[in-house]
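Below are my notes on the model, as numbered points. Please read them with the structure open.

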Amino acid sequence: MHLNETTSSDRRSILKGLAAAAVTSLAAPAMAADGLPAQPTGAAAAIATDNAYWTAVRGLYAVTPDVVNLENGFWGIMAEPVRREFIRQTDMVNYQNTYYARQRAGADFEAVRIKVAQAIGAAPEEIALTRGATEALQLLIGGYNKLKPGDSVLYADLDYDSMQYAMNALKARRGVDVVRFDVPEPATRQAVLDAYARALEANPKTRLLLLTHVSHRTGLVMPVAEIARMARAKGIDTIVDAAHSWGQIDFRVGELDVDFVGFNLHKWIGAPLGVGFLYIRKDRLADIDRDMGDEDFAETDIRSRVHTGTVNFATVLTVPAAVTLHQQIGAAAKQARLRYLRDYWVSRARGFKDIEILTPDEVGSYGAITSFRLAGKTSKADNEAIVVKLRDSHKVMTVRRTGVAKGQCIRVTPALFTDEADLDRLVEALAVVTGTKTG
Ligand SMILES: Cc1ncc(COP(=O)(O)O)c(C=O)c1O
């Protein structure tokens, strides 16, 4: 159920409470929002199906009724309290202009950095804000200064295109060999671990590994800590692409057991578009070059690794409201709900004629995102035709994904405002598209 389907008095009281709470003057940090019922407790399955709770959460989002949006991997729709805070901050910055920016923005941005660091379980000195995961990861990959000519760097087919390009660029920049391998399909946790072990073994000159926590192609969640430990045992550093994971998956950065990570805040944390951050473990800062455009910060300050220029102040100032709401809904509850929504459609569609589900059912190997393809339909044209049919004939929005070694596929990504009726629409559409007789 979406905003326009809750009763108007429910909606008013939820939004009033949350809007009041989300109006964060950074001098007076965000209060706990009081419009939501208490976070459900108990087993993940019970949390995920607490209807009163999720109806209230869905009521926080205003989304178009024109289509069932199951393409929420691009970026996250802001919840209404966050959107209002963004408008308030936009108005404030526009009104105050440099009178605000020159006097107070520095301290306010520092408060944002501290809040994000606390939420992800890092020290503030270990993170620097960026305009998104792309900027964060380009600075980490490009700035990693321990490579020597003749070394190798390694990545896989499931890694994000522009991060693959950044790894490829290391050939000219650092004189390294670039090695690419394919993650097995169908994937299982063990098959993935074995594939990484084989790739590391087969490429003994490897010194740097790119690893994506949650694949934007198939939704596969990688066993990051295990792979990074395997790599470390061979003297290999790992840069993790966590663009899609924080907020979709419940974890603290220490659990990844890696030294370099790039994050987004505008996907699953629900901040306005244009913000993310990088993490460099405290004792590893010297291994990432300072940004060539920075002489403002000390070499020992992680902020010297990012020099963005003038940013959208309001975007950054809205991050605390987004993080507060993320914490209030509850990271574990979000993960349980998103997995439940994924399981809801996958369990119904799995037996459909010719359908191949590319993301394994193993607990810990998936979050919200799962991709499928029809057997033998691996081309752009095949998959685009299905995406268009789902959108135009069934009013279900999905997206075609490229770059998987075994062929193109279609990604389905529910969000916190998705409900079972939305997924029933998808399942019915898939029955038609696959020619499966149901009922
Ligand atoms: C795995 C992955 N890495 C990196 C990015 C880049 O994120 P952004 O474009 O928000 O900077 C994305 C975006 O979808 C992604 O899915």
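1. Just after helix α14, G435 has a positive phi of about 70 degrees. Helices here are DSSP runs of H or I with at least four residues, strands are runs of E with at least two, and both are numbered from the N terminus. The model is a predicted one, in which local features need pLDDT of at least 70, side-chain atom pairs count only at pLDDT 80 or more, and totals for chains, interfaces and linings use all residues. Residue numbers start from 1 along each chain as its sequence is written.

2. The expected span is 1.5 Å times one less than the number of residues. Buried in α14 are D422, L423, L426, A429, L430 and V433. Seen down the axis, these buried residues fall within an arc of 115 degrees, so they line one face of α14. The arc is taken over the directions from the helix axis to the C-beta atoms. A residue is buried if 20 or more other C-beta atoms lie within 10 Å of its own, exposed if 12 or fewer, and partly exposed in between, with C-beta atoms placed from the backbone. The cover over the buried residues of α14 includes β1 (68-69), α12, β9, α13, β11 and β13.

3. Helix α13 (residues 380-394) can be checked in the same manner. Its 15 residues should span 21 Å at 1.5 Å a residue, and the end C-alpha atoms are 20 Å apart, which agrees. N383, I386 and L390 are buried in α13. They cover an arc of only 60 degrees around the axis, which puts them on the same side of α13. K380, A381, V388, D392 and S393, on the other side of α13, are exposed. Among the elements covering the buried residues of α13 are β10 (370-374), β11 (396-397), β12 (399-401), β13 (409-412) and α14 (420-434). K395 follows α13 and has a positive phi, near 60 degrees.

4. Not counting residues up to four places away in sequence, V387 touches T398, V399, R400 and I410; contact requires C-beta atoms, placed from the backbone, within 7 Å. V387 and V399 are twelve residues apart in sequence, with their C-alpha atoms 6.2 Å apart in space.

5. The chain is divided into domain 1 (107-322) and domain 2 (333-434), with bounds from an automatic or database domain assignment. The C-alpha centres of the two domains lie 27 Å apart. Their contact takes 19 residues from domain 1 and 21 residues from domain 2. On the side of domain 1 that touches domain 2, the residues divide into seven nonpolar, five polar and seven charged. In this count Ala, Val, Leu, Ile, Met, Phe, Trp, Tyr, Cys and Pro are nonpolar, Asp, Glu, Lys and Arg are charged, and the others, Gly among them, are polar.

6. The largest nonpolar core has 120 residues, and L140, F277 and L278 have the most contacts inside it. Helix α11 (residues 313-329) gives the most to this core, with nine residues. At least three residues of the core come from each of domain 1 and domain 2. A nonpolar core is a set of buried Ala, Val, Leu, Ile, Met, Phe, Trp, Tyr and Cys residues joined through C-beta atoms within 7 Å. Beyond its neighbours within four places in sequence, L140 is in contact with I239, F260, G262, L278 and I288.

7. Several loop residues deserve a look at the backbone. The peptide bond from E185 to P186 is cis, with omega near 0 degrees, and P186 lies in the loop between β4 (177-181) and α9 (189-202). D257, in the loop between β6 (237-242) and β7 (260-264), has a positive phi near 55 degrees. D354, in the loop between α12 (331-349) and β9 (355-357), has a positive phi near 70 degrees. D354 counts as partly exposed because it has 14 C-beta neighbours inside 10 Å.

8. G367 lies in the loop between β9 and β10. With 25 C-beta neighbours inside 10 Å, G367 counts as buried. Its contacts, leaving out residues up to four places away in sequence, include V214, G219, Q248, Q335 and R339.

Conventions. Contact = placed C-beta atoms within 7 Å.
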